[in-house]
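I'm jotting down what I look up, one entry at a time.

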Amino acid sequence: DGGITQSPKYLFRKEGQNVTLSCEQNLNHDAMYWYRQDPGQGLRLIYYSQIVNDFQKGDIAEGYSVSREKKESFPLTVTSAQKNPTAFYLCASGTVGNQPQHFGDGTRLSIL
Amino acid sequence: AQSVTQLGSHVSVSEGALVLLRCNYSSSVPPYLFWYVQYPNQGLQLLLKYTSAATLVKGINGFEAEFKKSETSFHLTKPSAHMSDAAEYFCAVTLNSGGYQKVTFGIGTKLQVIP
């Protein structure tokens, strides 16, 4: 079955450390997205990509970085510059020109 | 600019009762509107979407929503709640502008179904 795989499910970050969240899809979707979810705030867009080797900042990109070297993969790095990284991170994909159609099951990031 | 407001962060209904989750939108141009559902520790699943065709949209799991331009609303309903409907529901809006569609999500409504 096609879908989106996010790993790991739980991740802990130490002070000053960068961590990378993985997102892989086998749906042949061109567009991929990263959202951050905090209680009572809904989803906020971090980065999105509509094509390989191109990506755009969303509403809360500061302290995060991404790459899109392959159509199937869109990893998110949470850098030490992100001072409040504790959240639930969701990756999504879809066809260009449409809304996010499929979501992964998320990665929960916490601070040690 | 576009936004959605979900009235009620928590809603409780009895099993078998009507489910009504409220969503109002703000958009300067005709919008696309969506409802997503999220079960605990999972991603979001698209329930239904409105894209300017029929104003009454039927989705999965027996849910439907009606687009009312005069009220700027897109409320989600289900005639009879099941225990399995307990989840968090998100209303979302995007502009019909072609190319990349920026989706704005509401803060979510947690639905509790009481046996």
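Entry 1: I looked up A:C91 first: its relative accessible area is 0%, so it is buried. Buried means under 20% relative accessible area, exposed over 50%, and partly exposed in between, with a 1.4 Å probe and protein chains only.

**Ground rules.** I'm working with a predicted model, where local features need pLDDT of at least 70 and side-chain atom pairs count only at pLDDT 80 or more, while totals for chains, interfaces and linings use all residues. Residues are numbered from 1 along each chain as its sequence is written, chains are lettered from A and ligands numbered from 1 in the order in which they are written, and side-chain values use heavy atoms, with hydrogens and water left out.

**Entry 2: disulfides.** How many disulfides are there over all chains? My search of the whole structure gave two. I count a disulfide when two cysteine sulfur atoms sit within 2.5 Å.

In chain A, the bond joins A:C23 to A:C91, S to S 1.9 Å. A:C23 is in strand β3 (residues 19–25) and A:C91 in strand β9 (residues 87–94), so the pair ties together parts that are 68 residues apart in sequence. Strands here are DSSP runs (E, at least two residues) and helices are too (H or I, at least four), numbered from the N terminus. The angle about the S-S bond is -75°, a left-handed link. A:C23 has 1% relative accessibility, so I put it down as buried.

In chain B, B:C23 and B:C91 form a disulfide with sulfur atoms 2.0 Å apart. B:C23 lies in β3 of chain B and B:C91 in β9, so this pair ties together parts that are 68 residues apart in sequence. The torsion is about -65°, so I noted this disulfide as left-handed. Both B:C23 and B:C91 are buried.

**Entry 3: chain B as a whole.** I found zero helices and 11 strands in chain B. Its radius of gyration is 14 Å, close to the 13 Å from the globule rule for 115 residues, so chain B is as compact as a globular protein of that length. That radius is taken over C-alpha atoms, and the rule is 2.2 Å times the number of residues to the power 0.38. Buried residues make up 43% of the 115 in chain B.

**Entry 4: the cores.** Which residues touch the most other members of the largest nonpolar core? I got B:W35, B:F74, B:L76 and B:Y89, out of 26 residues in that core. Strands supplying at least two residues each include β3, β4 and β9 of chain B. Apart from this core lies another, of 19 residues, among them A:M32 and A:Y89. A nonpolar core is a set of buried Ala, Val, Leu, Ile, Met, Phe, Trp, Tyr and Cys residues joined through side-chain atoms within 4.5 Å.

I also zoomed in on B:F74: beyond neighbours within four places in sequence, its contacts (heavy atoms within 4.5 Å) include B:C23, B:L33, B:W35 and B:L48.

**Entry 5: an arginine.** Is A:R36 buried or exposed? At 4% relative accessibility, A:R36 counts as buried. A:R36 sits in β4 (residues 31–37) of chain A. A polar atom of its side chain lies 2.7 Å from the backbone oxygen of A:N84. For the backbone oxygen of A:T86, I noted 3.4 Å to a polar atom of the A:R36 side chain.

Notes
Polar contact = N/O pair within 3.5 Å; in protein donor to acceptor, adjacent residues only side chain to side chain.
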